[in-house]
Every structure is written in C-alpha cells, then in structure tokens.
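Visitor: Hi, I have just been handed this one and would like someone to walk me through it. Could we look at it together?

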Amino acid sequence: MSRNDELTGYGRHHLQMESYGAAAFCFYRAIKENEFNGNAWNGLILSLSLMRREEEIRTTLARFALQPGLDFDRDLLTFVFMMWQQNPRALAEWLRRVVQFNGIPEKDQLAFTEIAEDAERAYEDLVAKYGAESLHSRGMLTLEEYAARPIQLDWLLEAPVDTIYEQLQWWLEDKDSALSAVRLLCMLPDTRSEKLLRRVCRNVAIEPKVRTHALLALRWLGVRGNAKLYKFNESFVIDLDNPKPELTISVPAVYKPALDRVKLWAAKEKGLVTPEVYEQYASTDEVQLPPEIVEKLDEAEVPPLLQEVSHALIRAAHDEYYPLVPTISGTRQWSAALLMLMKDYAVGIGEEWPYGEPEQDETAKQHRNWLLSASPDFYPSIEEVRKLKES
C-alpha cells in the first residue's frame, strides 16, 4: 500500500470514528500528494460538511472541478446543489467542468448540460435585474474565485508548525478570534492541540459557547475518554466516547419533534391538514409521526431560510448552556416558541408570513426567551438584513 493510500485509509477511519477534523487533515494531505485521488476529494468534502464549514466546502468543490483528469463523483452533486442554490453562475460553471470528467455517463452529460443552461439563464436574469457588479459584491463569485480563496488547511500544511501554535495562542486570548482558533485546532493532529483545547474547556475567561466548541473540537481531533468542562462555577466531566447531553454542531436530535410540529402548524395554516389532525399530533412528543403526516409536512414547504433561523437559535442556546440544557418535552410549546421567532424574522426583513399567529402561552414564551438569551444580536441582525434588502 502506498503512502497516499495510507493517508486516505486513515481519513476514512477517522470519519467512521466521527473524528472529522483529523479526517479532513488526512484527506487534505493525500490530495496534496496526489491531486487525482478522487477518494480523498470525496472524503475531504464530506468531512468539511460534517463540521458545517460551508465556505470551505465551496472552495474545495471549486478546486475539485478545476482539477483536470479526475473521475466523475456522483456523491458530490448533493453538496454542489446545496452550496450553490443561490449562485447559478458558479453552479453552471461547475457543471460545465464536470461533464468533461472521466467516466461520466452520456445521459448525465446531457442532463448536466441542460441544468447548466438553465442556471446560466437564471444568472442572466439576475444580471438584468441587479447588475453584475452588484451581484459580485453580494458574494456571487466565479468558480475560479472560489477556488483561489484560502482555507485553513492550506495554512496548516504550509506554515511552520511552531508559527501556527504561536499564532493560535494569540487568537485564543482574543474574544473575536478564539472560536476560529478552536475550529482550526481540531484539524491539527498534535499533542499540543489536545492540551490547548483542554485548557480552553476550563478557561472561564473564554466565552461559554467557545468552551463547548472546544469540547467538540477534542472529539473531532480524535480524543476520547473524559474531558473536563468548567461552566456556571462548576466542573463537569464529559465522556467524549458517548457525550451526554448530545454534543453536536448540528441541531440536537431531541429537538426533532418540535421542529416537526413547526411544519405541522404550517401544514395546518396552509390547509394541508385539518385542525383536528393538528390537535391530534401537536401535543404529543412522539419522535416519529405517521408517514401520511410526514408527507404533509414536506408539502408545507417552510422556507429553508426560516428553518435555518430556528436551527441557528437552537444551536446557539445549546452551545451557550451545555451541559445544562433543558430536557425537551412539551413539543407543542417549543414549536410555538420557534414559530414566534420565525415570524419576527420574516416580518422584520419584509418577507411574507402566511402561517397565522403562533400560539403564545406562558411556557412557549419562556422557551422563546431562553432561546433569545443566547442570541442577543437576533433583532439587531434582522434590522441589518432589512436595511441591506432596502439598499
């Protein structure tokens, strides 16, 4: 087995162990040694996605498409359509490049060419409406521009390691850059990374959210066993093999019933389910709803932006208060709290809100206030978005 194959194998092992930072490091090193290693490109993009590094995913996808001689990888299509659903220009360019890859079936070449043509027309319509310069200033970059942007792994493999750790020490002492340092350390397999992250977990001078991310970074680095987390004037011991409560950068699974009830409310307001059906399921905490009800939730089509608003609020509160997070029961009240905040966002930025007035009992208001307590910039950010839309 070649050294390059070993690096790819180590990356896959770390992926299976949910050590996503260590996996990304291995896959990136494999690509630097052999840019035609399709498995490493796939693994790197998957690792970055599991760490929710959207901007770095876009850069890596662009570099992949601009690398001639690679084999076609259907698994990447999901990431491409997700990452560039708001940028038809980059989407079209990516598809135009990929149709020239090795091993792509003729039917896919035709399908991708048609999609690229549709995306190009959509971009031309946007240019006619807003102007090319305005779109570019809002982040609608070309594929080459995405590929040229640096990612953290570039620096980790190019700079002297002592210089990296010296810089990271400075970042950890700065409120605005501490989280960036933590998120970088998880991709730098070294005993010094583990020591620094453990110190962050115990450092009360660092924001609570960052301390939670340091705990998660230890896990992504590949560290297992116990780790101490100091919060709320108390020391907690967290088992990194099986952290309780759930330690994640995504929305914790315990919120799924509440998020489903948000969609159930939307389905009721759109007339997709009757008020009686809503009442039947709204007050239960069942994790899995019947298939016929799930189908109606999908039909409700709650805008992705509003769903992301609720997800961001949940993640922020979970990071702030971990491990002292509430047991999620009474999903009707939790969904009502999320609906209140989603409505405030939609109305605040001048968007349509076709879902009526959310229920507002005292418990729902308490849940809303708890979520807001970890996002003090929620309403100022709404005002900023509204001003940007009006400019």
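Visitor: Which backbone nitrogen lies 3.3 Å from a polar atom of the side chain of Asp361?
Guide: That is the backbone nitrogen of Thr363, and please keep in mind throughout that we are looking at a predicted model.

Visitor: Okay, and where does Asp361 lie?
Guide: Asp361 is found in the loop that runs between helix H19 (331-348) and helix H20 (362-373).

Visitor: With which side chain does the side chain of Asp361 make a polar contact?
Guide: The partner is the side chain of Gln333, at 3.3 Å. Along the chain Asp361 and Gln333 are 28 residues apart, while their C-alpha atoms are separated by 7.6 Å.

Visitor: Why does Asp361 count as partly exposed?
Guide: Its relative accessibility is 34%, and the partly exposed class covers what falls between the buried limit of under 20% and the exposed limit of over 50%.

Visitor: Let's zoom out. How many helices and strands are there in the chain?
Guide: The chain holds 21 helices and two strands. Its radius of gyration is 23 Å, close to the 21 Å that the globule rule gives for 391 residues, so the chain is as compact as a globular protein of that length. Along the principal axes, the C-alpha trace spans about 60 × 55 × 45 Å.

Visitor: And what percentage of the residues count as buried?
Guide: Of the 391 residues, 47% count as buried. As for contacts between residues at least 6 apart in sequence, 68% of them join residues at least 24 apart. The accessible surface comes to about 19300 Å², and 51% of that belongs to carbon and sulfur atoms.

Visitor: Can you show me one helix? Which residues are buried in H11?
Guide: In H11 the buried residues are Ile164, Tyr165, Leu168 and Leu172. They cover an arc of only 90° around the axis, and therefore sit on the same side of H11. An α-helix has 3.6 residues a turn, so residues three or four places apart point the same way.

Visitor: What do those buried residues of H11 pack against?
Guide: They pack against three helices, namely H10 (152-158), H12 (178-185) and H13 (191-202).

Visitor: Which residues are exposed on the other side of H11?
Guide: On that other side, Asp162, Glu166 and Trp170 are exposed.

Visitor: Last one: how far apart are the end C-alpha atoms of H11?
Guide: They are 16 Å apart, which agrees with the 16 Å that the twelve residues of H11 (residues 161-172) should span at 1.5 Å a residue.

Key
Residues numbered from 1 in each chain as written. Predicted model: local features only at pLDDT ≥ 70, side-chain atom pairs only at ≥ 80, totals over all residues. Heavy atoms only, no water. Helix = DSSP H or I, 4+ residues; strand = E, 2+ residues; numbered from the N terminus. Expected span 1.5 Å × (residues − 1). Buried < 20%, exposed > 50% of the residue type's maximum accessible area, 1.4 Å probe, protein only. Arc of directions from axis to C-beta. Contact = heavy atoms within 4.5 Å. Rg over C-alpha atoms; globule rule 2.2 N^0.38 Å. Areas by Shrake-Rupley, 256 points an atom, 1.4 Å probe, with all protein chains shown as cover. Polar contact = N/O pair within 3.5 Å; in protein donor to acceptor, adjacent residues only side chain to side chain.
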